[in-house]
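Me: I'd like a close look at one part of this molecule, please. Could you start there and then work outwards, in plain words?

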Amino acid sequence: IALIGDAVGFQHPLTAVGMTHAFVDAFTLVKSESFDAFERKRKENTKVSELLTGVLYEVFKENSPSAVAIRQGVYRMWRTSSKECTRTMR
């Protein structure tokens with residue numbers, strides 16, 4: 001038995017990577033020679049989204065000047081560019 005995708009609980013829902021990770025996890029688990037090998041590969045496959053999750057959480061939670069500036073920039077981009085809004089929400 002192995003937890004995959006959102007069930008692992010490492011990603012914030014805002015990143016919307018749970019289903020993607022679930023498919024990649026399932027494929028990786030089937031192809032791995034052992035559970036330890038699967039865990040190592042999973043950590044490699046999820047590092048970028050793990051970093052993104054942390055940054056997004058800080059940007060939308062914190063009130064530091066840098067977080068506020070980034071948050072305002074994200075909102076401004078979403079409001080002024082329907083193309084970028086659609087792309088980032090995809």
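Which residue does K41 form a salt bridge with, and how far apart are the closest N and O atoms?

Reply: K41 pairs with E44, and the closest N and O atoms are 3.5 Å apart. A salt bridge here is a side-chain nitrogen of Lys or Arg within 4 Å of a carboxyl oxygen of Asp or Glu.

Before we go on, a quick word on what you're looking at. This is a predicted model, where local features need pLDDT of at least 70 and side-chain atom pairs count only at pLDDT 80 or more, while totals for chains, interfaces and linings use all residues. Residues are numbered from 1 along each chain as its sequence is written, and side-chain values use heavy atoms, leaving out hydrogens and water.

Back to your pair. K41 and E44 are three residues apart in helix 2, so about one helical turn separates them. (A helix is a DSSP run of H or I with at least four residues, numbered from the N terminus.) K41 is partly exposed, at 38% relative accessible area, while E44 is exposed, at 55%. The cut-offs are under 20% for buried, over 50% for exposed, and partly exposed in between, using a 1.4 Å probe and protein chains only.

The structure holds four salt bridges. Another of them joins R42 to D25, with the closest N and O atoms 2.8 Å apart. R42 sits in helix 2 and D25 in helix 1, so this pair ties together parts that are 17 residues apart in sequence. R42 is buried, with a relative accessible area of 8%, and D25 is buried too, at 1%. Besides its neighbours within four places in sequence, D25 is in contact with I4, G5, V8, F38 and R42; contact means heavy atoms within 4.5 Å.

Helix 2 itself, residues 35–61, has a kink of about 50 degrees centred on T46. That bend is the angle between axes fitted to the seven residues ending at a residue and the seven starting there. T46 is also one of the buried residues of helix 2, along with A37, F38, R42, S49, T53 and V59. The buried residues of this helix pack against helix 1 (18–31) and helix 3.

Now for helix 3, residues 65–80, where you'll find R71. R71 is buried but has no salt bridge: the nearest side chain of opposite charge, E62, is 8.1 Å away. (Lys and Arg count as positive, Asp and Glu as negative, and His and the chain ends are not counted.) Not counting residues up to four places away in sequence, R71 touches V59, F60, K61, E62 and N63. P65 is in helix 3 as well, and P65 counts as exposed at 70% relative accessibility.

Last stop, helix 4. The axes of helix 3 and helix 4 (residues 82–89) come within 5 Å and cross at roughly 115 degrees. Those axes are lines fitted to C-alpha atoms over the stretch in contact, and angles run from 0 to 180 degrees between N-to-C directions. On the helix 3 side are M77, W78 and T80, which meet S82, E84, C85, T88 and M89 in helix 4. The residues of this contact divide into four nonpolar, three polar and one charged. E84 also forms a salt bridge with R87, the closest N and O atoms being 2.7 Å apart. As with your pair, E84 and R87 are three residues apart, here in helix 4, so about one helical turn lies between them.

Conventions: Helix = DSSP H or I, 4+ residues; strand = E, 2+ residues; numbered from the N terminus. Nonpolar A, V, L, I, M, F, W, Y, C, P; charged D, E, K, R; others polar.
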